[in-house]
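Please open the structure in your viewer and keep the selection tool at hand.

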Amino acid sequence: MCGIVGVIDAAVAEPAALLDLLEGVILPRGPDSSGRHLEAGVAMGMRRLSVIDPAHGDQPFFSLEGRAVIFQNGEIYNHRTLRAELEQTGYAFRTTSDTEVIAQGYAAWGLDGLLARLDGMYAIAILDRRHGELHLARDRFGEKPLYYTHCDGVSGRFAYASDLRALAALPWVAHDLDALSLQRYLALHYVPGERTILRAVRRVLPGETLTFALADGGLRRRTYYRPPLGCGRPTSDDELAQALEVAVKSRLVSDKPLGVFLSGGLDSSIVAALAARHMPAVATFSMGFDSAAHDESAYAAQLARHIGSTHHHFRFDGEAFATLLPEVAAALDEPLGDQAMLPLFWLCREAKKQVTVVLAGEGADELFGGYGYYAPYAPSPRLIDRLKGLLRGRRPGQLPSRLLDNPTPITPSGFPLLTDQGDRARLLGIPEGDDEWEHGLLAWLDGASTPLQRATAADVGTWLADDLLVKFDRMAMAHSLEGRAPFLQPELAELGLTRLPDRQRMAGGVSKVALRRVAARWLPAEIGARRKQGFVLPVGRWVTEWLQARGGVAAYLEDLAIAELDRAALARMMEADLAAGVQRERLMFALIMLVEWHRHFTARIDELRRSCSLFFT
C-alpha cells in the first residue's frame, strides 16, 4: 500500500525538492519508506506502507531491461499465482513484492493482458520509455484513488497523484471549484464520476486506463472493465459459499498484522466469520453509539464470541463528534458529507494501534441488494407491495432517467437526494447540467436485464465508488491503515450483480435473500436474519450544538470564501432548517463538511503552493 505522485514538466528546476514536498502530502499513505525516478522532464515518486515483503518491496520496479518504470498504490491479491505463471515462462524475480509481479507482467503480457489478470485494489503508473508514454490504471471498482491534471496549451505539462491536494499545490493548477461537481455534491453529499471538486483536476475512473504521450501531450482514455450487466448463469448456494470463502481468504494475504471491522450487521459478520476460519482469534473492531436506535455493538460482541475473535469495542458520542469533525475535514482531499466518516475515523485510529490491515463489508449491499430503497424495483408476490409501488409513482420497470434531474428527487438507484432542483438553483444560481460521464453511466445502466439490477448497478457506479470506498480509503489512510473489501473480488462481485436472479437478491421486502441463506452456515440465526440497520449517526442535536458553539449560522459562515456558492442563500437555508429542529440532517451535515473542508483545504494549499512555486523556472 502506497501513495504515488508524478509530474511531467520541463519547467521543474528542482525535481527532487518538488517530490520531497509532494510526497509530504501523501505521507500518511506510506510512512515506512519512499522511492522515486527522475529523468529529463519527469519526476515520479511514492510513499510506502509496507505490507507485502516489507524488507524488499520498495519501488520503483523496472522491466524490459529498464525501459519500463513501475509504481503502484494498492495490493495485488493473486500476485503469487501470477508470479508462478511468469516463472514458468522464464521470468525471474528478486523479491516477493506484488509490485514486481506488475513489472514483469507488463513485460510479458502488455498493459491489457496485465490488467485482465489482476485481482486487487490498485492505482498503477507505468512509464514506458520505449514508446514515450505514461500509463495510468485504476482498479475495477475504485478502491484506490488516482487523480490527474493536464495543463491546457502546454503539451508537456501533466501530473498525477493519489491525493488531489498534491496536484492543487502545483502553481499551474487553478483552484476554481467545478460548478457541476458542486451541484452533485449538494444533491448527493459526494462528487461522482470523472470530475472532481476542482475544475482543473480529473479522476481516472474505476476500470479505466489513461495514457499520456510525452512527445505531444496527447491523452487516451480507455475503459478496460465495467461490471457486466444482463442475464447471467444462475448460481447455487454452494457456489456462492465457495466464492465468499475464496474472496475473504484472498484478502488475508499480508506480512503485517490484520483485523476485521465488525459492525454486527450481515456483511461484516460474514467477512469476520470466514476470516476467523483461517486466522483463529483474528482481531475484530466495532463502534457503538449512545443511541439504542443506532447501536449494533451487542450483535458485534455476540458474533465475536461465536467466532472466537479478539474483540475491541469503542463508543461514539456527541463530544467525539465535535472533536473529530475538524480532524476528519482536514484529512479529506475532497468534500464528503457521509456521517459515518467520524466514527470510522476513530475506529481506524484505534485499529492502527493493533493491526496494519483491516477487512470490511463494503460492496455487499450494492451487489446483493441490501438497501430498502431498492424495494419498488424488486419482485414481490404480494399485491399490496405492488400497489405501494404504484402509489409512489414508480411502476415496475420505470426508473429515473437522469442522475439528479428527475421528477422525484432520487437517483437511478432510488437513493434519496439531499436537495431538489430549486434548492440547488438558489444556492448556485445556475441551471442543472450533465456531462459525458453521466451519459456513459446511463448507457451502461440501460444494459441491465431488470429494474432491480439497474438500480443496484447505479449504486455500484456512483455511491459505492465515490462515497463508500472514498470514505473507507481516506479514513483508513489518514492513519496509515490499509482497508480491504472482499466483496469486491471480481468473481464474487459479478456473481452478485449479474448471476443472481432478482428473487435471490431482494423479494417480498427481504434484502440479500441468497446471502442471508448462505450466511446461516457460519452465523448465529439472530444476526443472519436481522434487517439492515445502517451506519447513520443521530446528528440533529450534534449539528445544532456545533453551530451554536460558533455563534450561529451567520457567524459560522461569515468568512466563507466559496465564490460559486451564494452565501446569503446558504445561510437562509441553514437557519430555516435549524429553526425547524434540523429536519434535513443529511443536508446540514453535508453543508458543514463542505465549509470545513474548504477552510482546511484552502489554508493548506496556499502554504503548499508558495513552497512549490520555488521549484519551477
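Begin with the largest nonpolar core, which has 204 residues; among its members, Leu170, Leu244, Phe261, Ile270, Phe316 and Phe321 touch the most others. A nonpolar core is a set of buried Ala, Val, Leu, Ile, Met, Phe, Trp, Tyr and Cys residues joined through side-chain atoms within 4.5 Å. Buried means under 20% relative accessible area, exposed over 50%, and partly exposed in between (1.4 Å probe, protein chains only).

The model is predicted: local features need pLDDT of at least 70 and side-chain atom pairs count only at pLDDT 80 or more, while totals for chains, interfaces and linings use all residues. Residues are numbered from 1 along each chain as its sequence is written, and side-chain values use heavy atoms, with hydrogens and water left out.

Now select Phe316. Leaving aside residues up to four places away in sequence, Phe316 touches Met287, Gly288, Phe289, Asp290, Phe321, Leu324, Leu342, Pro343, Trp346, Leu537 and Trp542, where contact means heavy atoms within 4.5 Å. A second, separate core of 20 residues includes Ile4, Ala123, Leu146 and Tyr160.

**The sheet**

Next, display the five strands of an open sheet, ordered β15-β14-β13-β16-β17 with parallel pairing. At the edges stand β15 (310-316) and β17 (482-484); each has a single partner strand, so one side of each is left without a neighbour in the sheet. From one strand to the next, the twist averages 30 degrees. Strands (E, at least two residues) and helices (H or I, at least four) are DSSP runs, numbered from the N terminus. Two strands pair if DSSP finds at least two bridges between them.

Select β13 (residues 258-261), which three bridges join to the parallel strand β14 (residues 283-289). In β14, Gly259 has Ala283 as its bridge partner, and Phe261 stands opposite Phe285.

Which residues cover the two faces of β13? Leu258 and Val260 lie on one side, Gly259 and Phe261 on the other, and all are buried. Three bridges also pair β13 with β16 in the parallel sense; there, Val260 has Leu359 as its partner.

**Two helices**

Move to helix α16 (residues 490-499), where seven of the ten residues are buried, so the helix is largely enclosed by the rest of the structure. Among what covers those buried residues are α6 (237-250), α11 and α15 (451-477).

Then select Glu366 in helix α11 (residues 364-368). Is Glu366 buried or exposed? Glu366 is buried, with a relative accessible area of 0%. Its side chain makes a polar contact with that of Tyr371 (2.5 Å). A polar contact is a pair of N or O atoms within 3.5 Å; within protein, one must be able to donate a hydrogen and the other to accept it, and residues adjacent in sequence count only if both atoms are side-chain atoms.

**Backbone details**

Most residues other than glycine have a negative phi, and most peptide bonds are trans. Select Gln59 and Pro60, which a cis peptide bond joins, with omega about 10 degrees. Finish at His189, a residue other than glycine whose phi is positive, near 70 degrees. His189 is in the loop between α5 (179-188) and β10 (202-203).

Key: Axes fitted to C-alpha atoms, helices over the stretch in contact; angles between N-to-C directions.
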